[in-house]
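User: Hey, I'm new to this one. Can you walk me through it?
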Amino acid sequence: MNPSHVFAVKRAISIYAPALFSAIRYGRQVAHRRRNLRLQSGLTPWKEAFVRKFGSVVQGGPFAGMMFHHRDVANVYLPLLSGSYEAETHGFIETALQRGPKVIADVGCEDGYIAVGLALRAPDAKVFAFDILSMARDKCRALAGINKVDGQVTVGGECTPETLNTICSDRSLVFCDCEGYELDLLDPDKVPALKNADIIVELHDFMRTDVAITPTVLSRFAATHEITVTGLKRRSADEFPCLSILPREMRAQALHEDRVEYQQWAYLKAKNW
């Protein structure tokens, strides 16, 4: 089922059977947490082996070599340390970095993986990291310090359209993973500077039932950007040699991120750069 069909079904259920919709959504959340708990628990011995060998250094992907947060084994997330996390965006990131951004904004920075990684890859760029959660902001600041880019990375709370328009200037890159807020933020009528900015966005159609996020957001940039959309891609452990220390039957599990099958990301490459 493609994303537009999924959206139509979800919207119909939410309108005509709201109690059922709430029950389904709650059930999915519970199932998601249980699946992740099973996956992570099963990986515990191998996470211990991974950390003994590699420590907290990211081993692959666009941010290979970055020092990540030291965590107890139960909270180690192998897709981050192996570098396989959101592999769908890796090509987008490499292309955007080759264009030499001067300003980078990471909206929904969480623990700083993307913001600090981009700062390391683009040392001459000013990096702004935003998150509405104070704990996430603290972690992002800490990670910037660990990697000695704290003077390059500015961490803030809510990123309003006005804020984004103020910081985006010539050759800006916006990385957006903000749980549906992209619908409100990525609007060139509200943020004119986005017309000339590169944008990498994780699209969260499953967060809304009143509007289809993907076609709405992408249509706003059809005239000003070259747009590439990708869905989930099958990962191969062969692309991440660090996983060879795990038994072969555990490697796919170490790559698993438990995402909805219709998850999509987009790279909006500004024509006027």
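User: Where does Glu86 sit?
Analyst: Keep in mind that this is a predicted model. Glu86 is in the loop between helix 4 (78-82) and helix 5 (90-98). Its phi is positive, about 45°, although Glu86 is not a glycine.
User: And is Glu86 buried or exposed?
Analyst: Glu86 counts as buried, with 3% relative accessibility.
User: What about Lys148, where is that?
Analyst: Lys148 lies in the loop between helix 7 (134-146) and strand 3 (153-156). Lys148 has a positive phi too, about 60°, and is not a glycine. Lys148 is exposed, at 74% relative accessible area.
User: Switching to rings: how many aromatic pairs are there?
Analyst: A search of the whole structure turns up six aromatic pairs. One of them is Tyr77 with Tyr85, an edge-to-face pair with 6.4 Å centre to centre and 70° between the planes. Tyr77 is partly exposed at 22%, while Tyr85 counts as buried at 16%.
User: Which residues do ring pairs link into a cluster?
Analyst: Phe63, Phe68, Tyr77, Tyr85 and Tyr113.
User: What sits over the ring of Trp273?
Analyst: The charged end of Arg99 does, 4.4 Å from the ring's centre.
User: Last topic, helix 11. Which residues are buried there?
Analyst: In helix 11 (residues 248-255), Met250, Arg251, Ala254 and Leu255 are buried. They span an arc of only 140° around the axis, so they are on the same side of helix 11.
User: And what's on the other side of helix 11?
Analyst: Glu249 and Ala252 are there, and they're exposed.

Notes. Residues numbered from 1 in each chain as written. Predicted model: local features only at pLDDT ≥ 70, side-chain atom pairs only at ≥ 80, totals over all residues. Heavy atoms only, no water. Buried < 20%, exposed > 50% of the residue type's maximum accessible area, 1.4 Å probe, protein only. Helix = DSSP H or I, 4+ residues; strand = E, 2+ residues; numbered from the N terminus. Arc of directions from axis to C-beta. Phe/Tyr/Trp six-rings, centres within 6.5 Å; stacked < 30°, edge-to-face > 60°. Lys NZ or Arg CZ within 6 Å of the ring centre and 35° of its normal.
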